[in-house]
Amino acid sequence: MPSKPVDPHELRAAVAAVLPWLEGTADQPERPVLAAAVRLSLRTLEQVAPGRSVEVRVPPFAAVQCVEGPRHTRGTPPNVIETDPRTWLELAVGRVDWAAAVADAKVTASGSRADLSALLPVLRF
C-alpha cells in the first residue's frame, strides 16, 4: 500500500529545520527533528520514483523502496543503497553530488540499479 503523499510544505519545513546543521552553523538537531527531515525526504524520493527494485536505507530512521524494475519479495534486495542521515540530507537538497558521495564512501550502493544521481536532489533551497 503506497504511503500517504508528502505535503511539500511539511517537507520544506522539516528540511529547513536541519539546514543550519548541514551548513555547519549549528549543532546536530534533536532526534525527532532529524528523523522528520530524513523520513519526509525519503518518502518524497519514493513518490518521485515509485517501484520496488531499489531499497534506500538511512539508519536508524527509515528505509524505502523505489525505482521501477524487478521487484524483490524475500531477503536482501539486489539493489541496496545505505548512508547516514547527514549525507542523505545533503544529497536530498543537492549539497553533495551523488558520484562524490559514493567515491568518498559516504554512500554504499550495490546492484545495477543502485544509482540515484538522476533522481536527486528531491528538494532545493
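**Sheet pairing and helix packing in a predicted model**

In strand β4, V107 is the bridge partner of T83, strands being DSSP runs of E with at least two residues and helices runs of H or I with at least four, both numbered from the N terminus. The model is predicted, so that local features need pLDDT of at least 70 and side-chain atom pairs count only at pLDDT 80 or more, whereas totals for chains, interfaces and linings use all residues. Residues are numbered from 1 along each chain as its sequence is written, and side-chain values use heavy atoms, with hydrogens and water left out.

Strand β3 (residues 80-83) is joined to β4 by 4 bridges, and the two run antiparallel; pairing requires at least two DSSP bridges between two strands. The open sheet comprises 4 strands in the order β2-β1-β3-β4, with mixed pairing. Because β2 (62-66) and β4 (107-110) stand at the edges, each with a single partner strand, one side of each is left without a neighbour in the sheet.

Helix α4 lies across β1, β3 and β4 and runs at about 110° to β3, where contact means heavy atoms within 4.5 Å and angles run from 0 to 180 degrees between N-to-C directions of axes fitted to C-alpha atoms, for helices over the stretch in contact. Helix α3 (residues 31-48) packs against α4 (residues 85-92) at an angle of about 50°, the axes being 10 Å apart. At their contact, L34, A37, V38, S41, L42 and L45 of α3 meet P85, W88, L89 and A92 of α4.
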